[in-house]
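Take a look at the sequence and the model below.

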Amino acid sequence: MNIHEYQAKSILNQFGVSTPEGIVIESSKEAINAAKTIQEKTGMDTWAIKAQIHAGGRGKGGGVKIAKSLDEVKNYSQDILGMNLITHQTGPEGKIVHKVLIEQGIYYAGESKIEEFYMSVLLNRSTGRNIIMYSTEGGMDIETVAEQTPHLIFKEEINPKVGILPFQARKIAFNLALSGTAFNEMVKFITALYAAYEKSDASLFEINPVIKTSDNKIFAADAKVNLDDNALFRHKDYAEMRDIQEEDPTEYEAGKYNLNFVKLDGNVGCMVNGAGLAMATMDIIKLAGGDPANFLDVGGTANAETVEAGFRIIMKDPKVKAILINIFGGIVRCDRVAQGVVDAYQSIKEIKIPVIVRLQGTNADKGKAIIDESGLKVFSAISLQEAADLVKKLV
């Protein structure tokens with residue numbers, strides 16, 4: 001589950017990770033009071049005005065501004081709220097900004113220079129261990145750093161039995177070329193950041209940039225946090241952070257039925273049980289000359305309700321010209337799925353596009369008989385090649 005920057009920082013604060021003082025607003029009328037409150041707490045007379053959407057690259061798209069007066073706070077807030085913010089992660093359609101975060105300015109003059117670092121905590125799936133990835137090249141896209149200067153990216157692997165050890169936090173701070181007060185502050189920051197990652201059941205913490213201020217304080221200037229959906233039952237307060245406005249409506253609806261759904265840009269809808277089979281099915285569609293319109297995994301307990309929900313979700317896409325249902329009957333019986341398809345078809349009564357059903361495994365022959373004898377506009381197949389040929393013929 002993705003969350004907003006201001007929500008991510010509230011989690012970081014719970015574990016002692018330093019973040020700038022900030023207040024989120026939903027109307028420009030709140031902007032001045034928010035800025036004054038922050039000024040009273042910090043003494044700072046500059047503010048960052050930041051659009052809150054589930055996408056990176058906000059600054060390049062005009063969604064982040066630095067205000068040097070209360071009038072600028074109000075004007076920038078008015079400009080950003082309600083704007084359609086387009087970044088390299090939103091795609092050309094962009095996202096509407098409904099909330100703005102007003103934060104204290106942390107780029108102020110002082111005795112030492114301001115420095116920006118990159119830092120993230122995530123799982124290294126090849127080793128089954130968490131790693132802290134970091135670089136001196138903060139503020140840039142980490143993909144660009146990896147491509148152009150890979151020697152500037154460091155990784156610290158954490159033993160899950162003991163967690164992060166003090167010498168590892170010191171090693172990271174040393175590799176970032178810090179010393180004195182900034183070194184000690186960074187050690188505290190790293191230790192708290194890893195604790196936040198572990199205890200919040202996150203799948204990713206990305207801080208870009210981590211700021212060393214001119215007076216040697218360390219702040220998480222930005223924060224991207226992904227929470228593990230499977231662990232939200234342990235964090236009811238985090239589950240409430242979900243912002244449905246930022247999600248694809250069809251993907252959200254699919255989640256209500258425990259369907260794994262990802263919308264794509266093709267013309268053939270897919271309904272499959274099992275992620276691996278779903279990937280193979282999308283390959284079949286491509287080989288047959290079509291394009292997958294979605295990834296939809298109904299899981300191992302497909303029934304009439306889930307099949308009907310899948311149909312309705314797929315048909316919301318006007319680009320879909322056919323639906324391919326590819327079921328392997330292992331846990332689930334093919335005849336049960338076939339009956340679910342027939343029941344769903346009769347319930348909806350508005351399916352005007354061809355439906356291809358390929359059943360293989362337990363009771364596949366019975367399932368095919370149910371489809372063939374239903375009298376509905378449903379085409380059955382046994383082999384993958386049959387399914388591919390039908391896709392090619394019908395699409």
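## The cavity

The largest cavity has a volume of about 60 Å³. This is a predicted model. The structure holds one cavity of 30 Å³ or more. How is such a space found? Rolling a probe the size of a water molecule over the atoms shows where empty space is left.

Which residues line the largest cavity? They are Thr250, Phe261, Lys263, Ala293, Asn294, Ile313, Ile314, Lys316, Asp317 and Val320. Sorted by class, five of the lining residues are nonpolar, two are polar and three are charged. Two elements each supply at least two residues of this lining: strand E13 (260-263) and helix H10 (304-314).

## The nonpolar cores

The largest nonpolar core has 41 residues. Which of them touch the most other members? They are Met119, Ile132, Met186, Phe189 and Phe205. H6 gives the most, with 11 residues.

Now zoom in on Phe189. Leaving out residues up to four places away in sequence, Phe189 touches Val17, Ser18, Met119, Ile207, Val210, Ile218, Phe219 and Ala220. A second core is separate and has 33 residues. Among them are Met271, Val307, Ile353 and Leu359.

Most residues other than glycine have a negative phi, and most peptide bonds are trans. Where does this model depart from that pattern? One place is the peptide bond from Asn208 to Pro209, which is cis, with omega near 10 degrees. Pro209 lies in strand E10.

Asp201 is not a glycine, but its phi is positive, at about 55 degrees. Asp201 sits in the loop between H6 and E10. Is Asp201 buried or exposed? Asp201 counts as buried because its relative accessibility is 19%, and the cut-off for buried is under 20%.

Asn363 also has a positive phi, near 60 degrees, and is a residue other than glycine. Find Asn363 in the loop between strand E17 (355-361) and helix H12 (364-372). The relative accessible area of Asn363 is 23%, so Asn363 is partly exposed.

How values were computed: Residues are numbered from 1 along each chain as its sequence is written. This is a predicted model: local features need pLDDT of at least 70, side-chain atom pairs count only at pLDDT 80 or more; totals for chains, interfaces and linings use all residues. Side-chain values use heavy atoms; hydrogens and water are left out. On a 1 Å grid over the protein atoms alone, a cavity is a set of points where a 1.4 Å probe fits but cannot get out, and a pocket is an open set with protein on both sides within 12 Å along at least five of seven lines; lining residues have an atom within 4 Å of a point. Grid points are joined across faces, edges and corners, and a volume is the space filled by probe spheres set on the points. Helices (H or I, at least four residues) and strands (E, at least two) are DSSP runs, numbered from the N terminus. Ala, Val, Leu, Ile, Met, Phe, Trp, Tyr, Cys and Pro count as nonpolar, Asp, Glu, Lys and Arg as charged, and the others, Gly among them, as polar. A nonpolar core is a set of buried Ala, Val, Leu, Ile, Met, Phe, Trp, Tyr and Cys residues joined through side-chain atoms within 4.5 Å. Buried means under 20% relative accessible area, exposed over 50%, partly exposed in between (1.4 Å probe, protein chains only). Contact means heavy atoms within 4.5 Å.
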